[in-house]
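Hi everyone, thanks for making time. I'll walk you through one model today, so let's get it up on the screen.

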Amino acid sequence: MIDVELGGRGLVIASQPLPGRMLPLLLAALLEARGEGGATPQQPCSRPDLRDRIGGLADLHRTQLWRALRSLAGTPLQGLVGHAAASAGPYWLDEALAARCAFRIDGQPATPCALAALLRPPRAGGEATSAPVTLPPLAYIDALAQADHLLDRGELYPARQQLARALSQLSADDVADRAAIAVRRARISRRLADWAALQDDLRELSALATSPRLVPQQRRLIEARIQLLSAWHIYGGLGNAAAALARLDEVEPASLAVDLALRNDYLNLRGMVLRELALRQCAAPQAAAAVACFGEAIRCAALAAAPEQLQVTAANLANTLGRLYEAGLFGGEAADPPADGSPVREAVRWLLLSDAICARWQIATRSLLNVVFLLRLTAVNRLPYAELAALAAAQGMPLAAAGYTEFAEQAWQGRRAVHSQIPVDQRCAFFLVWATHAAREQRRVECAELCRRIAHEVRKLRDAALRRSYAQELAQLRAELVSLPALQRA
């Protein structure tokens, strides 16, 4: 066992003094990171991370690090600190050699509290007199609260305006607050499918993440958010599910473990990506993994007391169950459904739960996704409207409409005030499933009008492949419309 004494003025290795202030602080910072699960080859410490851990340093120069590590040459601790580059890092501890060392500070074991006291000694006079007490600007807090309320209700453009008002109340030194606003703006860009704006938000977040004013835990959480939003851009903007899954694999598990809301977002997107891969490759293992991700995401949202995330995840789970069942990847082959149709009803129940959460908490009142999922699920599986009404009544959400077409029309009328905030592809999907139900109910005039709306909306799509796909479905619907019997007057 190698006895190592850490002190403010030097290092003592097996009773041999090694003067120098930087080396014991460097080892203490690495030991602190090791206690938090870092300082390993898989999760090394960067130079900014070490600088933030050592209090009283304006900067940690490369020369300081190079000299400190060079002084370990020829000592029993040679090779203890691994590095990619001696002067730039990143750095980690050799686990085998560290296990042979007994680290002490002033004769006592190097506990986390002792390491923190050595790295960040208290200032003379105490913390109470170190700085005057300041309160955050009231206008900033009010604008942020209004933005969050509008975000939950789906009013995205007004929420953007409130975030701009909140940002105007902050100074350049408020890095953590600016990062929180940037995350909310990126969330709005993602929901609007504004991928160019999302890229701008990601660049701003990446610049804020390098600020020395952030503590290491804040920086790690922001970096995890950046990777998650980048995966959203790859999946939603570029349509590359495999690359999005690879980007999600880069998110540090330690960040997901300390933030249940972040873990919910991560698992929700991972479930969507795995679902797309399962549908493309007809892979049952990936289908099962997608359902498992949504199940864990729902649990995280419930534990975090986040109704908005719980609503979104329940809707995505319902859509996933329905699409996997249609592809024969969940609950048996779609061509040979079970007698009670349990997979379809299970998906409908999750959708109705999502709607019930919206009603209870008055959130997402202007989102069409739940309606799109429900109309598509019932159209593909030909679920009678009477059965849907019975399931909704059992959920405590009785339906006022007499049929699917009337239900879709009521949903659209309730969202007329925010039509411009609904992405074009979502509007196309909604009109298409609405027209499908209208055709099956033999409402020829209404179906023809919806076909004209779909053709108008399809021209606005930027994605050529998506535009062709909707155009093909529209052509099939028009062919079905021609075969409908002519309307008769009563």
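Let me start with cysteine 300: at 2% relative accessibility it counts as buried, where buried means under 20% relative accessible area, exposed means over 50%, and partly exposed is in between, with a 1.4 Å probe and protein chains only. A word on the source: this is a predicted model, so local features need pLDDT of at least 70 and side-chain atom pairs count only at pLDDT 80 or more, while totals for chains, interfaces and linings use all residues. Residues are numbered from 1 along each chain as its sequence is written, and side-chain values use heavy atoms, with hydrogens and water left out.

Back to the cysteines. How many disulfides does the structure hold? It holds 0, taking a disulfide as a pair of cysteine sulfur atoms within 2.5 Å.

Five strands make an open sheet, in the order S3-S2-S1-S6-S7, with mixed pairing. Strands here are DSSP runs of E with at least two residues, helices are runs of H or I with at least four, and both are numbered from the N terminus. Two strands pair if DSSP finds at least two bridges between them. At the edges sit strand S3 (16-19) and strand S7 (108-109), each pairing on one side only. S7 runs antiparallel to strand S6 (residues 101-105), and 2 bridges join them. In one of these, arginine 104 has proline 109 in S7 as its bridge partner.

Helix H5 (residues 112-119) packs on this sheet and touches strand S1 (2-6), S6 and S7, contact being heavy atoms within 4.5 Å. The direction of H5 makes about 55° with that of S6; axes are lines fitted to C-alpha atoms, for helices over the stretch in contact, and angles run from 0 to 180 degrees between N-to-C directions.

Last, two loop residues. Glutamine 362 lies between helix H16 (342-361) and helix H17 (369-381); it isn't a glycine, yet its phi is positive, about 55°. Is glutamine 362 buried or exposed? Exposed, at 54% relative accessible area. Arginine 382, in the loop between H17 and helix H18 (385-394), has a positive phi of about 50° without being a glycine, and at 60% relative accessibility arginine 382 counts as exposed.
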